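Take a look at the protein below. This short report walks through its pockets, a salt bridge and a surface patch.

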Amino acid sequence: MDVRVGSKVPDFQGIDQHGDTVALRDLLEVGPVVVYFYPKAMTAG
């Protein structure tokens, strides 16, 4: 799936720092969300 700047992101799930599964839809119920992606540590990215 191609996501462009300014487009709405589809719902997704991820693992937080405590090992718990978190869904984007649940976070949005609480308030605004900033999602930041970065290359895996120690990679050339």
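## The largest pocket

Which elements each supply at least two residues of the lining of the largest pocket? They are β1 and α1. The model is a predicted one.

The largest pocket holds about 320 Å³ of space. It has 14 lining residues, and the closest to its centre are Phe-12, Gly-14, Ile-15, Leu-27 and Val-35. Strand β1 gives the largest share of the lining, three residues. Sorted by class, the lining has ten nonpolar, three polar and one charged residues.

## The second largest pocket

The second largest pocket has a volume of about 160 Å³. Its lining consists of Val-9, Phe-12, Leu-24, Leu-28, Val-33, Val-35 and Phe-37. By class, that makes seven nonpolar, no polar and no charged residues.

## The salt bridge

The count of salt bridges is one. Arg-25 pairs with Asp-11, and their closest N and O atoms are 2.1 Å apart. Arg-25 lies in helix α1, while Asp-11 lies in the segment before β1 (13-15), so the pair ties together parts that are 14 residues apart in sequence.

Arg-25 is partly exposed, with a relative accessible area of 45%. Asp-11 is partly exposed too, at 41%.

## The nonpolar patch

Val-3, Val-9, Phe-12, Val-35 and Phe-37 make a nonpolar surface patch of about 470 Å². Phe-37 sits in the segment after α1 (24-30). Is Phe-37 buried or exposed? Phe-37 is exposed, because its relative accessible area is 66% and exposed means over 50%.

How values were computed:
Residues are numbered from 1 along each chain as its sequence is written. This is a predicted model: local features need pLDDT of at least 70, side-chain atom pairs count only at pLDDT 80 or more; totals for chains, interfaces and linings use all residues. Side-chain values use heavy atoms; hydrogens and water are left out. Patches are made of residues with over 30% relative accessible area and no salt bridge: like charges are joined within 9 Å, nonpolar side chains (Val, Leu, Ile, Met, Phe, Trp, Tyr) within 5 Å. Accessible areas come from the Shrake-Rupley method with a 1.4 Å probe; for residues, only the protein chains shown count as cover. A salt bridge is a side-chain nitrogen of Lys or Arg within 4 Å of a carboxyl oxygen of Asp or Glu. Helices (H or I, at least four residues) and strands (E, at least two) are DSSP runs, numbered from the N terminus. Buried means under 20% relative accessible area, exposed over 50%, partly exposed in between (1.4 Å probe, protein chains only). On a 1 Å grid over the protein atoms alone, a cavity is a set of points where a 1.4 Å probe fits but cannot get out, and a pocket is an open set with protein on both sides within 12 Å along at least five of seven lines; lining residues have an atom within 4 Å of a point. Grid points are joined across faces, edges and corners, and a volume is the space filled by probe spheres set on the points. Ala, Val, Leu, Ile, Met, Phe, Trp, Tyr, Cys and Pro count as nonpolar, Asp, Glu, Lys and Arg as charged, and the others, Gly among them, as polar.
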